[in-house]
Amino acid sequence: MKREEIRNIAIIAHVDHGKTTLVDGMLRQAGTFRANEEVRERVMDNIDLERERGITILAKNTAVVYEGVKINIVDTPGHADFGGEVERTLKMVDGVLLLVDASEGPLPQTRFVLQKALELKLPPILVINKIDRPDERIQEVLNEVYDLFIDLDADEEQLDFPIVYTNAKRGEARRAMEEEGVDLRPLFDLILQTIPAPEGDPGAPLQLLITNLDYSDYVGRLAIGRVISGTVRVGDTVAMAHAGGEGVKTRVTSLYTFEGLKREEVEAVSVGEIVSLSGIEGIGIGDTITDAETPCPLPGIQVDEPTLSMVFSVNTSPFAGREGNYVTSRHLRERLEKELLYNVSIKVDFLEPDAFRVMGRGELQLAILIEMMRREGYELSVSMPEIITREVGGVLQEPMELLIVDVPEEFVGAVTQQVGVKKGKMLKMQNNGHGRVRLEFRIPSRGLIGFRSQFMTETRGTGLANHLFDGYESWHGPMTRRKTGALVADRTGKATPYALFHLQPRGTLFIRERTEVYEGMIIGEHSRENDLDVNVTREKKLTNIRAAAADEALQLVPPKTLSLEEALEFIGEDELLEVTPGAMRLRKKILPAGKRAKVERN
């Protein structure tokens with residue numbers, strides 16, 4: 001049976017190509033908002049971090065009705081580190097809108113999400129967005145997309161994809177560039193024509209695959225998934241089957257479908273619908289809600305393995321407990337166990353009582369987790385990021401990345417040299433004739449730790465860098481990370497302008513005057529390779545002799561303020577990042593200078 005009144009689609013693209021803006025336009029076009037309703041931009045980005053950074057972190061569901069057909073839309077993240085969100089949401093849909101920037105063309109994440117969609121045999125619609133850009137190169141981008149499809153072994157049917165050109169910000173779409181764009185009607189028509197209606201037997205035993213979790217203050221945990229077969233009603237007794245495990249009988253207390261930005265409570269849903277249901281305790285992503293009498297569990301959701309790890313531990317600095325509400329190892333353990341329920345691409349080793357090894361896809365994914373914990377009131381210490389190796393046939397292998405950089409022509413030499421030092425090999429160079437060059441490299445994942453800040457310095461802030469996991473290779477040998485040492489405070493107190501002024505020639509400072517410091521806290525980057533213990537609390541000596549002229553004004557250079565990602569890139573093996581709701585501090589693992597010196601000698 002086909003359900004012609006429903007279509008399920010996911011919008012997939014590289015970060016910042018306009019997915020969430022296009023969803024805004026589709027919601028407006030479908031009349032989701034009142035005529036006088038004030039609607040903020042990127043309405044689907046409802047987490048503070050998403051709005052601040054301008055990226056989508058969590059996949060979200062919405063739905064619009066067009067000409068009597070309900071279109072369920074899933075907005076997916078655009079960054080490769082959140083690929084786990086994409087992999088599981090593609091299980092819910094029957095087709096994808098592949099969004100590509102009219103100037104930048106397909107980038108690493110475009111390749112990743114398209115590969116996942118082609119593996120699942122989902123029909124794509126190519127949406128070339130931002131056609132109003134002055135540097136648009138639509139024909140070249142179209143050729144690049146065809147090359148990408150061929151490179152990913154797409155079959156003849158998948159290569160015959162329809163194309164639509166959009167300006168998501170203005171809510172316009174057209175099937176050909178010479179046409180006049182009025183609204184998004186051509187895109188909606190194409191979705192109805194191209195995306196197949198969901199199929200299934202409403203009378204068969206129930207199979208509902210859970211691909212997302214949410215929480216409501218009124219009904220508790222909500223499980224979101226798609227009905228693969230059968231029908232589910234409020235009050236039904238169903239079985240919850242964990243992947244490869246036994247079924248547990250439970251009861252459905254409420255059912256919701258998506259309407260615009262709201263959930264509509266319904267009494268029953270049938271095959272092909274995306275639904276949210278409550279009343280099922282202990283459910284996780286990848287579980288199946290199935291018939292209680294004849295359980296038919298579906299295979300669990302498989303995601304790519306993590307490539308990077310950090311150790312989260314209890315904050316042991318002298319300032320611990322001042323700002324956070326959750327400071328003990330029990331709090332950390334509970335928070336990480338909760339994260340495992342929602343995030344299928346993160347793994348945690350609970351090896352020690354007060355230290356946990358957290359593994360994820362990349363620095364950004366783990367940095368977002370740390371930032372969320374910090375805002376929730378947690379205090380913790382984080383170690384240097386380390387790559388996860390594996391051994392195959394007695395050979396040590398490390399993860400590799402496909403690195404694509406877009407830089408002005410004058411910086412090509414500097415960037416190539418920088419990547420060469422990190423054991424990277426150039427695969428391709430492309431000059432588009434606009435004064436910028438696109439370079440492709442294959443580089444070990446550990447070469448990208450600390451790469452971004454150095455890359456931005458080399459390119460004077462004008463470079464764009466994107467990377468994507470690209471398999472494993474044999475270990476490439478030792479690699480230098482940071483070439484500079486640290487300026488380390490040698491006592492507790494408050495930093496004085498006098499001390500900071502005289503330390504400025506020694507390197508780059510990270511703190512301002514009157515900042516509280518403790519022994520072992522890193523207050524700056526030394527200009528040489530060694531660490532230097534310094535006194536930042538030193539006051540000017542006072543005498544009873546009056547100076548002939550006024551004291552010289554102490555002019556301090558503004559300190560370098562590190563973001564969370566920059567701080568994680570900066571720290572070395574013997575250092576930690578202390579994260580609290582009010583501050584981030586860099587510190588040595590061993591705080592007393594005497595003990596550090598003894599360990600180094602040994």
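**View 1. F510 and its edge-to-face partner F570 in the predicted model.** F510 is buried, at 14% relative accessibility, where buried means under 20% relative accessible area, exposed over 50% and partly exposed in between (1.4 Å probe, protein chains only). F570 is likewise buried, with a relative accessible area of 10%. The two ring centres lie 5.3 Å apart with planes at 85 degrees, so the pair is edge-to-face. Rings of Phe, Tyr and Trp (its six-membered ring) pair if their centres lie within 6.5 Å; planes under 30 degrees apart count as stacked, over 60 as edge-to-face and the rest as tilted. Helices (H or I, at least four residues) and strands (E, at least two) are DSSP runs numbered from the N terminus.

**View 2. The ring cluster of Y146, F149 and F161.** By the pairing rule, the count comes to 9 aromatic pairs. Among them, Y146 and F161 have ring centres 4.9 Å apart and planes at 25 degrees, so this pair is stacked. Y146 belongs to helix α5 (residues 138-151), whereas F161 is in the loop between α6 (156-159) and β6 (163-167). Y146 is partly exposed at 29%; F161 is buried at 6%.

**View 3. Arginine charges over the rings of F319 and Y472.** A charge sits over a ring if NZ of Lys or CZ of Arg is within 6 Å of the ring centre and within 35 degrees of the ring normal. R322 lies over the face of F319, 4.1 Å from the ring centre. The charged end of R390 is 3.8 Å from the centre of the Y472 ring.

Residues are numbered from 1 along each chain as its sequence is written, and side-chain values use heavy atoms, with hydrogens and water left out. In this predicted model, local features need pLDDT of at least 70 and side-chain atom pairs count only at pLDDT 80 or more, while totals for chains, interfaces and linings use all residues.
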